[in-house]
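Please read it alongside the sequence and the coordinates.

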Amino acid sequence: MTKKSRRKDTVIAHTAMKPWDNVGIPNPPIYYASTVLFPTVEEFETRDRPPFKGVQYGRSGTPTQFAVEEAVTDLYEGAHRTVTFPSGLGAIAAATITFLKHGDHVLISDSVYGPTRKRVGANLLERAGIEITFYDPLIGAGIEDLIQPNTRMIYMESPGSHTFEVQDVPAITKVARAREIITVIDNTWSSAFFCNPFKLGADIVLEAGTKYLCGHSDAMLGTVTVATEEQFQALKGMQNTLGSRAGADECYLALRGIRTLSVRMERHQKNAMEVATWLAARPEVERVLYPALPTDPGHALWKRDHTGASGLFGVMFGDYPKAAVSAMVDGLDLFGIGASWGGFESLAIPINPKGSRTAVAWPHDNPMVRLHIGLEDPQDLIEDLEEGLGRLNAAR
Ligand SMILES: Cc1ncc(COP(=O)(O)O)c(C=O)c1O
């Protein structure tokens, strides 16, 4: 069997294993390094030729970073290489600033993760003289009308991690390719396990590895995967310039997490589907925003482009005051109240998309909660939520 013909579960179990480089140990060890020694002056002086090949200095990575980068690349069929960063937001900042410069224009989906807009967009890109237009995530091929002579990048996140609109990625990448505009997508929700945006025409695929790749709520990581050596050199150069290298412990934890990615993702999907279906049938709930539900407006696109759904979805309640929804969430026993998602445990936070849209107003006033469904028994989660809905009604 060739490496190429291996199926995803096998890739996950065997990628980046180099036992005979490491005294027979299956997972690569953690290298802590700043200095790297060379046996001769000549080897020292030619250490960066060709650039970013091998181990040169701690800042540009050691076999610990390279192992998880190799694993993520292997998960995305058609990918060239991956660069890791100390967080998902760090990956977003690097992926955008590498391929944009002063005077360029970027189109960013209105549904992106809040800090992509407020921190990377306002704090980094606009300050660097890069013009941003936010677009309707459902625009599809209509993105063509927003392209300017200086448009260099289209940034997507599908589904958006607050409002869960599924973007027509192939329609957008087709327009972009015809005009040599680079496309970048945040694929954190599906992770490499449920979606390969390279097959949908994307150029650059990033993930907050903090979520499903690490999977245990104990590490932060960002990954940016590119399709060509030219893109890799540009991105790796920027990572080095920023001195933004992922920590060795985090890389080790991510590779450890990736080994169980398939079983975790399948269980997140099963549990989330059970809880989402139950919630959708409740009279207190106006809508569940989960593309895997056949009633979701993004279901057809999701089904076309993804092979499964993760554990994150939104719940829009009926006409309840915010205080009643807070009372419901406060009393939940199995759902923690906290940012992030993708770990083994369930989480619940209030969300208000109204305040973070500029291209198309979020048309709903109803209170919303975002749930991450973890690996608990879904019946226990449903019982916890049922008691919560009792509090919701009592506080109305
Ligand atoms: C969709 C999405 N992308 C990126 C990030 C940023 O990742 P990190 O928290 O690792 O910086 C998050 C974090 O919640 C996210 O939800």
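1. Where is the place of Glu 376? Glu 376 lies in the loop between S11 and helix H13 (378-394); helices (H or I, at least four residues) and strands (E, at least two) are DSSP runs, numbered from the N terminus. Residue numbers start from 1 along each chain as its sequence is written. The model is predicted, with local features requiring pLDDT of at least 70 and side-chain atom pairs counted only at pLDDT 80 or more, while totals for chains, interfaces and linings use all residues.

2. With 17 C-beta neighbours inside 10 Å, Glu 376 counts as partly exposed. The terms are set as follows: a residue is buried if 20 or more other C-beta atoms lie within 10 Å of its own, exposed if 12 or fewer, and partly exposed in between, with C-beta atoms placed from the backbone. Leaving aside residues up to four places away in sequence, Glu 376 touches Leu 334, Ser 346 and Leu 381; contact requires C-beta atoms, placed from the backbone, to lie within 7 Å. Gln 269 is 107 residues from Glu 376 along the chain, and their C-alpha atoms are separated by 12 Å.

3. Pro 363 is found in the loop between S10 and S11. It has 8 C-beta neighbours inside 10 Å and therefore counts as exposed. Pro 363 and Arg 396 are 33 residues apart in sequence, with 22 Å between their C-alpha atoms.

4. Strand S9 (residues 312-317) and strand S11 (residues 368-372) form an antiparallel pair over 5 bridges, and Leu 312 stands opposite His 372 in S11.

5. Axes here are lines fitted to C-alpha atoms, for helices over the stretch in contact, and angles run from 0 to 180 degrees between N-to-C directions.

6. Another open sheet has 7 strands in the order S1-S7-S6-S5-S4-S2-S3, with mixed pairing. Strand S1 (81-85) and S3 are the edge strands, each pairing on one side only. Neighbouring strands are turned against each other by 20 degrees on average, direction ignored. Helix H3 (residues 63-75) packs on the sheet and touches S1 and strand S7 (222-226), its direction making about 130 degrees with that of S1.

7. Strand S2 (residues 105-109) pairs with S4 in the parallel sense over 4 bridges, and the bridge partner of Leu 107 in S4 is Ile 154. S4 also pairs in the parallel sense with strand S5 (residues 182-186), over 5 bridges; in S5, Ile 185 is the bridge partner of Met 156.

8. The protein chain is divided into domain 1 (3-258) and domain 2 (262-394), with bounds from an automatic or database domain assignment. Their centres, taken over C-alpha atoms, are separated by 27 Å. The contact takes 31 residues from domain 1 and 33 residues from domain 2. On the side of domain 1 that touches domain 2, the elements giving two or more residues are helix H1 (8-14), helix H5 (114-125), strand S3 (131-135) and helix H7 (191-194). That side has 13 nonpolar, 10 polar and 8 charged residues; Ala, Val, Leu, Ile, Met, Phe, Trp, Tyr, Cys and Pro count as nonpolar, Asp, Glu, Lys and Arg as charged, and the others, Gly among them, as polar.

Methods. Contact = placed C-beta atoms within 7 Å. Pairing = 2+ DSSP bridges.
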